[in-house]
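Open the structure in your viewer and keep the selection panel at hand. Each stop on this tour names what to select and then says what is there.

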Amino acid sequence: MDGKSRTNQSQMKKGLILGRFQPFHLGHLNVVHEVIKEGLLPVIGIGSSQEGNTANNPFTSKERMEMIRTIMDGLNTEYEIYKIPDINDNEKYVSHLETFVPEFDCVYSGNSLVQRLFEEAGHNVVSPEFVNREVWEGSSIRQVMMEGDDWERAVPPQIVDKIHSLDGTERLKRLS
């Protein structure tokens, strides 16, 4: 577990936010705000945590955790972060994930497969409102980064700085 810790965390209802965060972008931030607005403790699950330094997963789980911490600490809110490695087995995915994260009250996901799997497992699923999905999506942002176009407006400024410090655009070009 990672994040700010206070004694009342165990009493707060928890909203699970799943993503690969490759990179953390404004769409992710929108979901975080939605969870907080609902009075839930954001529990962030970093998917494909074993992946890094590939074209689809250019940032390591450590780098992604640092990005998320930067944003969450700036929001001055309690939160938890967990790494979730892939299992590549849809039937076992939810039970696999549950071994890495604490109990949660609902899961926020816009992915139809993830929604179905969690609903079938008896979890409350919230489909977040998507804003500017065509631009605020990891694969689109990575593509624009590789092409050398303007990707900075799709991610929070702190993440722009982090990606530049990691030489992220050059890394993506090398990996593709």
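Predicted model: local features only at pLDDT ≥ 70, side-chain atom pairs only at ≥ 80, totals over all residues.

Strand E2 covers residues 41-47, and its pairing with E3 is parallel, over five bridges. A further pair to show is Ile46 with its bridge partner in E3, Lys83.

Go back to E3 and colour its residues by accessibility. Four of the five residues of E3 are buried, so this strand is largely enclosed by the rest of the structure.

Do likewise for E2. How many of its seven residues are buried? The count is seven of seven, and E2 is mostly covered. Show the residues of E2 and look at the two directions in which they point. Leu41, Val43, Gly45 and Gly47 point one way, while Pro42, Ile44 and Ile46 point the other way; all are buried.

Next, move to the pairing of E2 with E1. These two strands run parallel and are joined by six bridges. To see one of the paired positions, select Gly15 and its bridge partner in E2, Pro42.

**A helix on the sheet**

**Helix H4**

Select helix H4, residues 112-120, and highlight its buried residues: Val114, Gln115, Leu117 and Phe118. They lie on the same side of H4, because the arc they cover around the axis is only 165°. The general rule is that an α-helix has 3.6 residues a turn, so residues three or four places apart point the same way.

What do the buried residues of H4 pack against? Their partners are E1, helix H3 (93-98), E4 and E5. Then turn the view to the other face of H4, away from its buried side, where the exposed residues Ser112 and Glu120 are found.

**Two crossing helices**

Select helix H5 (residues 138-147) together with helix H7 (residues 168-175). Their axes are 8 Å apart, and the two helices pack at an angle of about 90°. H5 is therefore roughly perpendicular to H7. On H5 the contact is made by Arg142, Met145 and Met146, and on H7 by Gly168, Thr169, Leu172 and Lys173. By type, the residues of this contact are three nonpolar, two polar and two charged.

Stay on Leu172, which belongs to H7. Is Leu172 buried or exposed? Its relative accessibility is 0%, so Leu172 counts as buried. Leaving aside residues up to four places away in sequence, Leu172 touches Ala55, Pro58, Arg142, Met145 and Met146. For a distance across the model, pick the C-alpha atoms of Leu172 and Cys106: they are separated by 34 Å, and the two residues are 66 apart along the chain.

**Backbone details in the loops**

The last stops concern the backbone. Most residues other than glycine have a negative phi, and most peptide bonds are trans.

Select Gln22 and Pro23. The peptide bond from Gln22 to Pro23 is cis, and its omega is near 0°. Pro23 lies in the loop between E1 and H1.

Then go to the loop between E2 and helix H2 (61-75), where Ser48 is found. Ser48 is not a glycine, yet its phi is positive, near 50°. With a relative accessibility of 8%, Ser48 counts as buried.

Finish with Asn53, in the loop between E2 and H2. Asn53 also is not a glycine, and its phi is positive, about 60°. Asn53 is partly exposed, and its relative accessible area is 43%.

Conventions: Residues numbered from 1 in each chain as written. Heavy atoms only, no water. Axes fitted to C-alpha atoms, helices over the stretch in contact; angles between N-to-C directions. Parallel < 35°, antiparallel > 145°, perpendicular 65-115°, else oblique. Contact = heavy atoms within 4.5 Å. Nonpolar A, V, L, I, M, F, W, Y, C, P; charged D, E, K, R; others polar. Pairing = 2+ DSSP bridges. Buried < 20%, exposed > 50% of the residue type's maximum accessible area, 1.4 Å probe, protein only. Arc of directions from axis to C-beta.
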